[in-house]
2 protein chains.
Amino acid sequence: MQQTTEVESNEICDVDSFIADMPCGALDEYRKKASFNWKLMKVALEGEAMIRFKNKVWQTLEADPLFARHVSEELSRDEYRKLSLMRLKRLMEYDFLPDDEFLENPLLLLILYTAIGQYDWSLAIKKFLAYEFFTLSLRATGSTRHMSVMDELMDFNALGCIALTEMAHGSNTKGIKTTATFDSKTNEFILNTPSLEAAKVWSGNLGQTATHAVVFAQFYAEDGKCHGLNVFLVPVRDPKTLIPYPSITVGDMGPKIGLNGLDNGFLMFHNYRIHKDYIMNRIGEIDGDGKFVNQLEDPKKRMGITMGTLSMGRVGIIGMSVSNMKKALTVAIRYSATRRQFGPQGKEELPVIEYQMQQWRLLPYLAACYLLDNFSLSFHRDFINFEISVLFGNQNLELSEQGQEIHALSSAGKAYAGWLARDAIQECREACGGHGYLKAAGLGDLRNDHDANNTYEGDNNVLQQQTSNYLMRIWQRKVEEGKPFASQLGTVDFLDQMDEHLQHSLYMESRNECQSLDFVLDSYKFLISFLMRETAIKLKSELESGKDLFTARSESQVYFARTLSMAYVEYVMIQRWSNFLRTEISDESLMTVLKRLGVLYGLWSLEKHMSLLYQSGYCRGPQPFSFIKQSILQLCRELKDDCVVLVDVIATPDFILNSALGKADGNIYANIFESIAQSQGATKRPDWWQEFAVHKPNIASLKPKL
Amino acid sequence: MQQTTEVESNEICDVDSFIADMPCGALDEYRKKASFNWKLMKVALEGEAMIRFKNKVWQTLEADPLFARHVSEELSRDEYRKLSLMRLKRLMEYDFLPDDEFLENPLLLLILYTAIGQYDWSLAIKKFLAYEFFTLSLRATGSTRHMSVMDELMDFNALGCIALTEMAHGSNTKGIKTTATFDSKTNEFILNTPSLEAAKVWSGNLGQTATHAVVFAQFYAEDGKCHGLNVFLVPVRDPKTLIPYPSITVGDMGPKIGLNGLDNGFLMFHNYRIHKDYIMNRIGEIDGDGKFVNQLEDPKKRMGITMGTLSMGRVGIIGMSVSNMKKALTVAIRYSATRRQFGPQGKEELPVIEYQMQQWRLLPYLAACYLLDNFSLSFHRDFINFEISVLFGNQNLELSEQGQEIHALSSAGKAYAGWLARDAIQECREACGGHGYLKAAGLGDLRNDHDANNTYEGDNNVLQQQTSNYLMRIWQRKVEEGKPFASQLGTVDFLDQMDEHLQHSLYMESRNECQSLDFVLDSYKFLISFLMRETAIKLKSELESGKDLFTARSESQVYFARTLSMAYVEYVMIQRWSNFLRTEISDESLMTVLKRLGVLYGLWSLEKHMSLLYQSGYCRGPQPFSFIKQSILQLCRELKDDCVVLVDVIATPDFILNSALGKADGNIYANIFESIAQSQGATKRPDWWQEFAVHKPNIASLKPKL
């Protein structure tokens, strides 16, 4: 521990008023070894307001028996669903973030959903879809005549959902087949599901509880002409009984891999009639003569802005991924610091985190978690600023370009974060060995809930292509129009010195030379420049060989555009970390460890591109790869004594973490045994004991002869 | 389809008698495009006997209502447990593999467990532990006086389990703390669990159903002297009531991530007394004077042989991993060949398998599955031959060395196979997009069941070290004693030309040059030679810096010994594939596609080591990496039209596959909808509807002030 000066001591005292001490126990040994004060680190990363807000939410939930749970709990899907609805109601009663406080600090909305999500993602998503996403859709596509539903929502007399995806069309929304045909005789739309393939599916809240759905359908005029995708507000269930209306088949998607507290649903229309006012008239409208009027003025101009706004879900998933990584790493690192296994002959067994292999498995993910967290928060701030401009500012070209950049960064960013968290959770699960297979470890449910993040809100592989398309567009603009690489968020500005970057190559005399963020950033500048050029060349050659743009892009994904998208996100994460350290961190003990995390993440990520760096000629000979590998292991070793405390900084309270292996007291075996003792029928003879003791098999009586 | 000659036509006719046609449907298009006859391929890979045997098992289960199930079924843990026990009884009645048939073809035991496991791993493992593993332990460590339990087992009056692992000691079995103290006054052992850390845990069948446990404990004589780990046969529950005996706390581990049909249990002894005859007297015995006698003659001599025998579990897990890959790939590839999404402008949407990205995500795993299957079968044969020698042959030095080689190959092999299947399942899950998240897709349960394979029977990371220790031992023997690299199974013989291999470097003029198994094998010979040398140098330098052997080995794992172990397994897989093709395949249409699979797997695996091949100087310049990547994509493209049929070859019947997305008819949307319709409460209003419709929240009534 660093010497505490008088000033620091005062700070710590303040900090103690909103950050509780960790309990004493088996982790004390590592906590005492830490090179920095974890509470000051926590404040530096999150700020007091955010920490106090999360405390409020979590302490309130923990005090409420409706939110009580146990690590070995086994709920049926139906019990889980009921609990989720009851908890949703209770969250409305708590009203953690009233409008005025939200307007003062919009970032708290993310923090709220993260805090609830770290408790239970089913509940957080159910609330988000019903309140934020549904109301956003109403505001974005409807008008005053639809706003009465808002009041109903707030009084819990309505519950909303969005029905876009169909059985046969997820990513490709242009393929939507549900139809809405206008009938001027009755002034109604007739909604129809022409085939099983056109059934609306996966809509969250639609399964059992939604009363209203925002439905996307192809609008057909009476003359049979299709006017394209339009949006309708459709009542689906009677709010007084929750019974679906006739001429609709609506129901639940059944059991899923995870998120089973959320009722995803399907919906089929059998010539179901709704009044003409239910069309969301910011997009299309029926005029007095019963004619369709397209309300979108110059839709192409608005595209960039809309793309930015639609990034909300993806920006959110980046935050979800960070939250999941934090929980997984808390479990695995605390467990690894207390679990002892093997050791040098004749000596005490070592905590498994003392092994190079265990450090190398876990600490790069810990570093990645810190950088992704910073990226997620700063990107959320960008997104909020963008949305404020959309609401209050000029909808000009800059804003449209910013929207495209946000779309690009959120697309590959979501894919990257989703995969990173997936891999981190899996590594953490395995790092906990046999005991990690207990449900009570918490890692299985975390993995199963997280899993959806990689395929919803855009399949990751499709999303990556959105990012590379953006990068290729600005490349082309540079080549054809001479427009400099410059963007609103500055994520691509470095490409303006592309030629310079491409002339660099690596020469190192010692491994120390690669242990800096600047080294990592320089390498990424080369790498991305190289991938830009290679992807552009590949794309061009595919086009020149006669392929259409769609096919040419598809054939340039693997090894080109895909890698480019990923490297771009990694670069932005490191760039923002570097900025953050420069502008926000002054304490030297914090700076030392935060830099280590940055360099460890950077080198570990760069290592994955090493063969490309050799292929491109950036690296030559044995040294570069060797130095980078040695540095990764060295940084792991240097971070090892700090890792328990680095986890304390990002950990949730035990109640939220809900893991017998990851509790803050590190008392792993007693906690595991407690989890077993509380599980259903732990020591009781099963009710079906006679199946063994009385009803004996007639051995080989049924021997099959085939 | 190839021209069918007269001879082939007869063959096909025969084959039709034990391989059923695939149903017509959406997959016809690809099935018609196939370049080979899939039934002939199936026979070439598995042989008629194996196919007929699996048919018998699967058709019997499908016809029995006790084994009926549905893809959307949701069982409570208790219901699942009860079903597992009842099904276990029924399997005894079927007696699929009587002793005489087993002796005639011991490989069928693997096939039996694989066939049951592809139906349900919980059931297969429950049966395996109760009958194979428990009886093997009795035979290996006990004597005639323990054999009466065998009869009880066969009459279902006893059910067995093995209790080795303790709460604080899994991999490091030397750390076992359970004690057995002899009391000469009563001629009894007093079993005791000195602390929570010494509780036996994870023992399969112990949770609710076992009557007898094979318990590993430290034996203490009356004078307090410890005679090391001994084995005891311990009655734990009354077979007439299933009530545990007094002075024992025994119970269930509670819910797990997967395998919840299996009752893993814990066990604590409170000075529990058993008669002295319960010691397994092949290891230790109490003589007439009440003195302990060590029965192991020259234990070191036997070590290699024992190591070989103990590989059984790991060899089995390699087979389990292949089986899981087959199921996952069947689902994902059939789905990808029928799911259409996007397409060139103005054209019909394409099946997603037409996209380069989807091919690249799935087809290398398909190739890996074929090679791993071949490796698994051939390694099982080696293992059976070894066990026969142990039982009937001389227990000589050769056998001991073979045991060590089997131990080494099964250790890294199990780790490799477990991880490969893990990654394949995950890729398949994500390749099925949103619908892959349905429980009915079958991929979530597959992942959750498979997950245990990476941490039980030895944690994968610990196991890898076993393999590298073996390789370093034979390296040292070569360097110090001049003994050639030669082994019973021939997996390391190529190392005898190590110096030659190390002089090679890569030079290619076109990508065609890398598209052969010989190219791949040569590259691996270099790679492994290089890794052997580097690991030995690293280990030496760690030792010379003053570290003990344990620490030096630990510090040589990452980037050295670990990579070596993995590359060794990959090499053996490719080597055995190459041998198999040369000796077993004559049909040219089969040969073409099987070679493609081999080269695709080889290059895809080699690609992961590319940076090392550059670092080592084996590769230089842009060509090698570029040619390898181009070849991977080319091979994916060439295999694309065959992939549906390649899956038909390895697929289980629909009943066993149990996936709405992977059925043989490819009718994905109707099948998905059927799975939804059969799920609990699909369209019915929930019983707790009043929680929404009647009991309204009092909005913001509980607003917290913190």
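# Why these labels? A first look at a predicted model

Q: Why is G204(A) called buried?
A: Its relative accessible area is 7%. Buried means under 20%, exposed means over 50%, and partly exposed lies in between, taken with a 1.4 Å probe and the protein chains only. The value for G204(A) falls under the cut-off, so the residue is buried.

Q: What kind of model is this, and which residues count?
A: This is a predicted model, in which local features need pLDDT of at least 70 and side-chain atom pairs count only at pLDDT 80 or more, while totals for chains, interfaces and linings use all residues. Residues are numbered from 1 along each chain as its sequence is written, chains are lettered from A and ligands numbered from 1 in the order in which they are written, and side-chain values use heavy atoms, with hydrogens and water left out.

Q: Where is G204(A), and what is it in contact with?
A: G204(A) sits in strand β4 of chain A. Strands are DSSP runs of E with at least two residues, helices are runs of H or I with at least four, and both are numbered from the N terminus. Contact means heavy atoms within 4.5 Å. Setting aside neighbours within four places in sequence, the contacts of G204(A) are L129(A), G160(A), C161(A), L262(A), D263(A) and N264(A).

Q: Which residues does UniProt list for "binding site", and why can they be said to gather at one spot?
A: The unreviewed UniProt entry lists T165(A) and G204(A) under that name. They span 40 residues in sequence, yet no two of their C-alpha atoms are more than 10.9 Å apart, so they gather at one spot. Positions from UniProt follow the numbering used here, feature names are shortened, and annotations may be inferred rather than shown by experiment.

Q: Why do E166(A) and K200(A) count as a salt bridge?
A: A salt bridge is a side-chain nitrogen of Lys or Arg within 4 Å of a carboxyl oxygen of Asp or Glu. The partners come from distant parts of the chain: E166(A) is in the loop between β1 (160-163) and β2 (179-183), and K200(A) is in strand β4 (residues 200-204), 34 residues apart. E166(A) is buried at 1% relative accessible area, and K200(A) is buried at 1% as well.

Q: What makes K326(B) and D373(B) a pair that links distant parts of the chain?
A: Their side chains meet in a salt bridge of 2.9 Å, N to O. K326(B) belongs to helix α11 (residues 312-338) and D373(B) to helix α12 (residues 356-392) of chain B, 47 residues apart. Both residues are buried.

Q: Why is F392(A) called exposed?
A: Its relative accessible area is 69%, over the cut-off, so F392(A) is exposed. F392(A) is in helix α12 (residues 356-392) of chain A.

Q: What stands out about W202(A)?
A: Its phi is near 70 degrees, a positive value in a residue other than glycine. W202(A) is in strand β4 of chain A, and at 15% relative accessibility it counts as buried.

Q: How many residues of chain B and chain A are in contact, and how many salt bridges cross the interface?
A: 145 residues of chain B are in contact with 144 residues of chain A. The rule finds 10 salt bridges across the interface. R447(B) forms a salt bridge with D451(A), with the closest N and O atoms 3.0 Å apart.
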